[in-house]
Amino acid sequence: MSSTFEVETSIPASRMFKAAVLEWHNLGPKIVPEHIKSIDLIHGDGSAGSIRQINFTPALPFPFAKERLDSIDHNNFEVKNTTIEGADIGTKLECYSTHSKFTPTSSGGCIVKVTTTVKILPGVKPGDEEAKAKETITKAIKATEAYLLAHPTVCA
């Protein structure tokens, strides 16, 4: 199952990409502390092929998720990643991946286009995984926008 949605922000694409992708390991726990406790780089240097572990607070139903950064395009503000362990992988989902593209708008902000792909394990009844993913990602994008507006020098 795949779904695509867009979130418009008032933040320029380059700055939003830097905060939400390149600096997320530092900013994520500050921007959404109610959900993210810490983010650790497990393998690599943050470039394509790197693996990072996102450690969640007790507010979420699972303690962590490990994601592989499949590709990062700094010129086109695009990233693809795959959750390889944790979250619902192995219990409900066979795989989960996202493709995000940050496109500049004429007003100086950007549109974040996110495509999520979910493969449910055989025998597991489909639930509202896509709706939950959309809600979680949208909240993180809007929280990042609010944080950057409140901290104009961050990722400037």
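Among contacts in the protein between residues at least 6 apart in sequence, what percentage join residues at least 24 apart? The share is 48%. The model is predicted. It describes a protein of 156 residues, with 3 helices and 7 strands.

**Fold and order of elements**
- Read from the N terminus, the elements follow the order β-α-α-β-β-β-β-β-β-α.
- Helix α1 covers residues 13–22 and helix α3 covers residues 129–150, while helix α2 takes in residues 24–31.

**Overall dimensions**
- The radius of gyration of the protein is 15 Å, which agrees with the value near 15 Å that a compact globule of 156 residues would have.
- The C-alpha trace spans about 45 × 30 × 30 Å along the principal axes of the protein.

**Burial around helix α2**
- Four residues of α2 are buried: Trp24, Leu27, Gly28 and Ile31.
- These residues lie on the same side of α2, because the arc they cover around the axis is only 110 degrees.

**Surface and charge**
- The protein has an accessible surface of about 8,300 Å².
- Carbon and sulfur atoms account for 56% of that surface.
- There are 17 positive and 18 negative side chains in the protein.

Technical notes: Residues numbered from 1 in each chain as written. Predicted model: local features only at pLDDT ≥ 70, side-chain atom pairs only at ≥ 80, totals over all residues. Heavy atoms only, no water. Buried < 20%, exposed > 50% of the residue type's maximum accessible area, 1.4 Å probe, protein only. Helix = DSSP H or I, 4+ residues; strand = E, 2+ residues; numbered from the N terminus. Arc of directions from axis to C-beta. Contact = heavy atoms within 4.5 Å. Rg over C-alpha atoms; globule rule 2.2 N^0.38 Å. Areas by Shrake-Rupley, 256 points an atom, 1.4 Å probe, with all protein chains shown as cover. Lys, Arg positive; Asp, Glu negative; His and termini not counted. Charge placed at Lys NZ, Arg CZ, Asp CG, Glu CD.
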